[in-house]
Structure formats: structure tokens, C-alpha cells
Amino acid sequence: MTDYIIPAIIVFIVVYALIKGVPVFDVFISGAKEGFGTATSVLLALIGLMTAIGMFKASGALDMLTAAIRPLAQMVHIPPEVVPLAIVRPISGSGALAVFQDILKSYGPDSLIGQVASVMQGSTETTFYTIAVYYGVTKVQRTRHTLASSLVGDVTGFFMSALTVQLILR
């Protein structure tokens, strides 16, 4: 049944629009044009963000930041091996996925480190990407407390990922 829900919704929308006299194809084309403009805006923000991430990794800044944060992570019982994931995750989903895959390859998915990384990957957001894309498309310039509150949410997600996995494994 679940395989038919989305097609059923699409058919319902088209039939309802036809009953109401809406020119379905014209409205579809108009929406597609608007979507293309949005995709162009998103693409520009994405190119800038991916360039910055590449520079961040290539410069060695990720390694230096990881080394600086490791002692703090150990104090709050976050496995130090997941620190690179915690650093990259708010910046880039694809970069975080690469780090995540390296962690799983090195430590295995059933290890404490692999499980913490799995929960961390699934429970946090690509904060900078999301802010850049959504605010770039909507042309919001005054973000107020968005970045600070989002990063606090990310740090909370990182800490709670480690704590939850450790509580469940006990």
C-alpha cells in the first residue's frame, strides 16, 4: 500500500486541479521555472561552501582543530575518534559522510566509536550549509541568533549521541 501513496497524491492533485479549472501544465511549467531559479541560487551557495570546505581540509586546519578539541571531548566522554566528524558535520554533509565512512571502515559499525558516529551522523544537521542555502535563497541578511543557537544544538547533539550510545550499551 505504501508504494501507492505518493502516486495517489499526485493523481488526486491533478484531478482536483482539473475539476477546479486550473491549467495544470501551465502551472507546472511556471513552478518548474521558479524551481530552476531557486536551484541556480542554491548552486552558487553550494559552490562557495564546497570551495571553503576543500580549503579547510587542505590547509591542515581540520587536523589542528581536531587535535585541540580532543582533550575536551575525552573529558565529556565523547570518543576522540569522532571529533573530526563533529567538526565537519555542521559544515558539510558530504564531507561528514566521508569522515563517517572512514570511521566505520577503521572501527566497524558495531564498535562504540562506530555507534556514536552513526547516531551523531543521523542526529545533527549541516548547519552552515542549511543557513547558507535557506538564507541565500530567501535573501535574509539579518540572521540574529540563528548560527549561535544552531551550533549549540549541534554540540548538544554530539554530546547526547555519545551519552545515549554509552547508556544503551551498558
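Modeller: A patch, as the word is used here, is made of residues with over 30% relative accessible area and no salt bridge, and nonpolar side chains such as Val, Leu, Ile, Met, Phe, Trp and Tyr are joined within 5 Å. The model is a predicted one, and in it a nonpolar surface patch of about 1,100 Å² is made by Met1, Ile5, Ile6, Ile9, Ile10, Phe12, Ile13, Val14, Tyr16 and Leu18. One of these residues, isoleucine 6, lies in helix H1, which covers residues 5-20. Isoleucine 6 counts as exposed because its relative accessible area is 54%, and exposed means over 50%.

The protein chain has 8 helices and 0 strands, and its pattern along the sequence reads α-α-α-α-α-α-α-α. Its radius of gyration is 21 Å, well over the 15 Å that the globule rule gives for 170 residues, so the protein chain is more spread out than a compact globule. The C-alpha trace spans about 65 × 40 × 30 Å along its principal axes. The protein chain exposes about 11,300 Å², of which carbon and sulfur atoms supply 70%, while 28% of its 170 residues count as buried. Among the contacts with a separation of 6 or more, 64% are accounted for by residues 24 or more positions apart.

Leaving aside residues up to four places away in sequence, threonine 146 touches Ile131 and Tyr135, and a polar contact of 2.8 Å joins its side chain to that of tyrosine 135.

Two loop residues also deserve a careful look. Histidine 77, in the loop between helix H3 (61-75) and helix H4 (83-88), has a positive phi of about 65° although it is not a glycine, and with a relative accessible area of 56% histidine 77 is exposed. Lysine 139, in the loop between helix H7 (127-138) and H8, has a positive phi of about 60° and is likewise not a glycine; at 62% relative accessibility, lysine 139 counts as exposed.

Technical notes:
Residues are numbered from 1 along each chain as its sequence is written. This is a predicted model: local features need pLDDT of at least 70, side-chain atom pairs count only at pLDDT 80 or more; totals for chains, interfaces and linings use all residues. Side-chain values use heavy atoms; hydrogens and water are left out. Patches are made of residues with over 30% relative accessible area and no salt bridge: like charges are joined within 9 Å, nonpolar side chains (Val, Leu, Ile, Met, Phe, Trp, Tyr) within 5 Å. Accessible areas come from the Shrake-Rupley method with a 1.4 Å probe; for residues, only the protein chains shown count as cover. A salt bridge is a side-chain nitrogen of Lys or Arg within 4 Å of a carboxyl oxygen of Asp or Glu. Helices (H or I, at least four residues) and strands (E, at least two) are DSSP runs, numbered from the N terminus. Buried means under 20% relative accessible area, exposed over 50%, partly exposed in between (1.4 Å probe, protein chains only). A polar contact is a pair of N or O atoms within 3.5 Å; within protein, one must be able to donate a hydrogen and the other to accept it, and residues adjacent in sequence count only if both atoms are side-chain atoms. Contact means heavy atoms within 4.5 Å. The radius of gyration is taken over C-alpha atoms; the globule rule is 2.2 Å times the number of residues to the power 0.38.
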